[in-house]
Amino acid sequence: MSESKLKNLRQFFQELDRALIAYSGGVDSTLVAKVAYDVLGANAVAITAVSPSLLPEELEDAQAQAEWIGIAHELVQTHEMDNPNYTANPENRCYFCKSELHDTLKPLALARGYSYVIDGVNGDDLRDYRPGIQAAKERGGRSPLAELQISKLEVRQLSQLLGLPWWDKPAQPCLSSRFPYGEEITVEKLQRVGRAEIYLRRLGYPQVRVRSEQNLARIELPPEQIQQFVQAVPLGELVQTFQNLGFLYVTLDLEGYQSGKLNRVLTKANGITA
């Protein structure tokens with residue numbers, strides 16, 4: 001099945017003269033960039049949007065991965081933090097983020113002769129609440145992984161098949177996803193959360209989220225790691241580190257990590273399923 005999906009993905013790019021990839025450095029967009037480069041060579045380019053919601057460490061990863069692949073890689077600045085519709089953090093915050101991304105990349109693509117921007121949205125994303133997908137569609141973006149119904153698991157399988165060293169890289173969505181809807185997002189809050197997660201990763205916990213609510217940090221880990229975490233980590237040092245970053249309170253979510261957990265507050269009354 002994986003090899004069949006890979007063939008289809010290659011066919012997608014074989015039908016194009018060139019491809020401009022919205023490239024975050026995550027496993028999804030990196031697979032898209034790899035296959036695009038394998039098929040189109042110098043006619044494929046990966047572009048990473050740089051903003052406060054992207055940590056410098058994540059940018060370094062994206063640059064290293066692009067260099068490993070061989071694809072041309074460029075950086076552009078996006079300014080979603082200048083949009084109060086984004087910083088107010090409404091339920092459709094991602095719509096404004098992806099609008100800014102595609103409004104930045106699409107003119108660049110058209111000026112260079114690219115028909116549209118290609119992103120790394122996968123088949124599973126279509127079953128989650130992702131208002132940013134609509135923003136991309138409105139601007140003519142294409143999502144080959146979603147169009148070919150390639151799931152997140154299949155993305156990892158294909159990445160491993162192609163020998164990509166980061167095939168099992170944990171998902172690392174925008175840092176704004178760490179805040180409950182309605183809490184204003186600031187550069188300082190984004191950096192605080194990001195630094196806290198980097199600290200925990202360096203302790204040996206790559207699959208981690210630090211959910212932030214005002215001055216409280218809630219750590220989410222895979223459920224099977226919680227007991228070991230409490231026993232192994234110097235908790236006093238951890239609390240002090242988080243307080244030095246600006247948090248007043250530090251908690252551990254006993255339920256454990258679940259992707260999109262903050263979407264639970266969204267109800268069917270809004271026309272949204274969490």
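## Conventions

Axes are lines fitted to C-alpha atoms, for helices over the stretch in contact (heavy atoms within 4.5 Å), and angles run from 0 to 180 degrees between N-to-C directions. Helices (H or I, at least four residues) and strands (E, at least two) are DSSP runs, numbered from the N terminus.

This is a predicted model, in which local features need pLDDT of at least 70 and side-chain atom pairs count only at pLDDT 80 or more, while totals for chains, interfaces and linings use all residues. Residues are numbered from 1 along each chain as its sequence is written, and side-chain values use heavy atoms, with hydrogens and water left out.

## Helices α5 and α6

The axes of helix α5 (residues 93-111) and helix α6 (residues 131-138) come within 7 Å and cross at roughly 30 degrees. That makes α5 roughly parallel to α6, a label given to angles under 35 degrees. In α5, Cys94, Tyr95, Lys98, Ser99 and His102 meet Pro131, Gly132, Gln134, Ala135, Ala136 and Glu138 of α6.

## A parallel strand pair

Strands pair if DSSP finds at least two bridges between them; β2 (residues 44-50) and β3 (residues 72-77) do so in the parallel sense over six bridges, with Ile47 standing opposite Glu74 in β3.

## The three-stranded sheet

An open sheet of mixed pairing is formed by three strands in the order β5-β6-β7; its edge strands, β5 (209-213) and β7 (249-252), each pair on one side only. Strand β6 (residues 216-220) runs antiparallel to β5, joined by five bridges, and Glu220 in β6 is the bridge partner of Arg209. Helix α9 (residues 187-202) lies across β5 and β6, running at about 150 degrees to β5.

Key
Angles under 35 degrees count as roughly parallel, over 145 as roughly antiparallel, 65 to 115 as roughly perpendicular and the rest as oblique.
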